[in-house]
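Please open the structure in your viewer and keep the selection tool at hand. Each stop of this tour names what to select and then states what is found there.

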Amino acid sequence: MSALPRSLLPDNASVDDTGRLAIAGCDTLELARQFGTPLFVYDEDHIRERCRQAQAAFAGSVAYAAKAFLCLAMARLVHEEGLDLDVATGGELHVATAAGVPGERLVMHGNNKSTPELAAALDAGVGRIVVDSFDELDRLDSLYSVTGIRPQVLLRITPGVEAHTHEYVTTGVDDTKFGFTASTGVADAAIRRAEQARSVELVGLHAHIGSQVFELASFQRAVEVIAGFARPYGLPELSLGGGLGVAYVAGESAPSIAEWATAITEACAATGFDAPVSVEPGRSLVAAAAVTLYEVGTVKELAGIRTYVAVDGGMSDNPRPVLYGSGYETFLPRATDGERDRAVRVVGKHCESGDLLVREGWVPNDIRVGDILATPVTGAYGHSMGSNYNKVLRPAVVFAQGGDARLVVRRETYDDLLRNDL
Ligand SMILES: Cc1ncc(COP(=O)(O)O)c(C=O)c1O
């Protein structure tokens with residue numbers, strides 16, 4: 001297997017004469033030594049650049065989907081770049097407001113928002129609530145009678161569009177827990193109710209067809225359905241959610257943010273829909289910005305079967321391979337451009353055979369215990385979906401920029417593991 005494609009590394013990755021990888025001028029082996037492993041290393045300017053690309057492509061109507069990766073530093077960065085923030089739970093709302101993001105720059109999502117979560121959203125003065133069910137409208141009615149606050153809302157519509165992605169991240173088809181179904185008349189009923197409600201001000205519609213979507217035609221189909229659906233109501237706003245896919249492994253290629261925007265704009269024009277469209281990208285802004293660094297603890301060669309390389313993390317810092325069967329590349333940042341001619345399975349340290357990070361990986365022949373091993377494109381839905389299963393400590397996160405690395409999330413400690421126990 002040839003060397004790792006450079007396109008899978010963050011924008012500001014560089015490799016020195018000896019093959020060592022630096023991210024934004026920070027030597028990765030030195031980062032591993034300084035901050036320990038596992039370690040998420042983000043190229044800060046890569047994220048900023050993707051934010052700017054999105055803002056330029058969608059005329060400033062972009063909300064970052066915080067679920068992809070959220071911490072105080074990330075919320076501040078996104079806010080500095082002028083994006084809004086899509087938060088999907090009371091917890092994400094709490095982090096965003098703690099980071100100083102003003103309520104009006106937040107979009108509150110969630111298919112089962114509790115009354116306290118909705119109350120917190122109203123209290124924070126969120127810019128938009130994306131309403132997902134009649135039960136939520138009931139809860140907003142009750143809250144209005146107590147608070148008198150009448151939020152601006154979008155209704156989440158299920159357009160009945162197949163996104164050609166993993167079943168678990170498909171959200172636009174009729175058989176889904178999300179939103180109001182367009183094809184059955186339920187969405188019309190929801191619009192009529194919201195238009196008449198004193199408790200909410202209906203300003204638009206929302207659709208999100210799924211995540212890790214490569215086919216621009218799926219987004220175009222969603223535009224056709226939603227724009228056609230929205231037109232008779234004359235609602236001024238339309239949000240198309242997130243979902244743009246990214247390349248994770250050699251040979252994959254994904255549309256750029258600009259191509260995504262062009263496809264959506266063309267579809268809007270074709271349907272005669274001229275209201276501004278907003279989007280909520282998560283993965284496409286942060287996934288390729290990060291690599292995860294691990295330390296190799298065992299190299300176990302099972303004669304005639306395979307070689308298992310075990311590292312000091314696993315499904316607790318990247319559950320995507322276990323959840324979706326997602327593929328990743330792996331490489332040794334001491335030999336970034338080197339040939340990878342040894343087939344290995346990279347596994348973690350959890351008590352499950354399913355605990356794997358790279359099912360079919362390739363590394364240099366001389367991989368050994370103590371090596372720092374990296375997986376690229378881990379910036380989205382890794383840290384944010386992590387756990388501390390087996391009481392494995394959640395990794396630290398650093399943002400690298402211009403030769404400096406700043407710790408933005410410290411590593412969990414054993415004392416943290418006792419914090420909630422009584
Ligand atoms: C409503 C909504 N918006 C935006 C996103 C972000 O999607 P992605 O990270 O694929 O861009 C999601 C992800 O599931 C979502 O549910």
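The model is predicted: local features need pLDDT of at least 70, side-chain atom pairs count only at pLDDT 80 or more, and totals for chains, interfaces and linings use all residues. Residues are numbered from 1 along each chain as its sequence is written.

**The ligand**

Select the ligand and the 16 residues around it, of which Ala 65, Ser 211, Gly 242, Gly 282 and Arg 283 come nearest. A residue is counted here if its C-beta atom, placed from the backbone, lies within 6 Å of the molecule. Colour this shell by class: four residues are nonpolar, eight are polar and four are charged. In this scheme Ala, Val, Leu, Ile, Met, Phe, Trp, Tyr, Cys and Pro are nonpolar, Asp, Glu, Lys and Arg are charged, and the others, Gly among them, are polar.

Strands are DSSP runs (E, at least two residues) numbered from the N terminus, and two of them pair if DSSP finds at least two bridges between them. Select residues 306–311 (E15) and 342–347 (E16), which pair in the parallel sense over three bridges. Ala 310 has Val 347 in E16 as its bridge partner.

Finally, select the open sheet of three strands, ordered E1-E2-E3 with antiparallel pairing. E1 (13–15) and E3 (26–27) stand at the edges, each with a single partner strand, so one side of each lacks a neighbour in the sheet. Three bridges join E1 to E2 (residues 21–23), where Ile 23 is the bridge partner of Ala 13.

Definitions and conventions. Helices (H or I, at least four residues) and strands (E, at least two) are DSSP runs, numbered from the N terminus.
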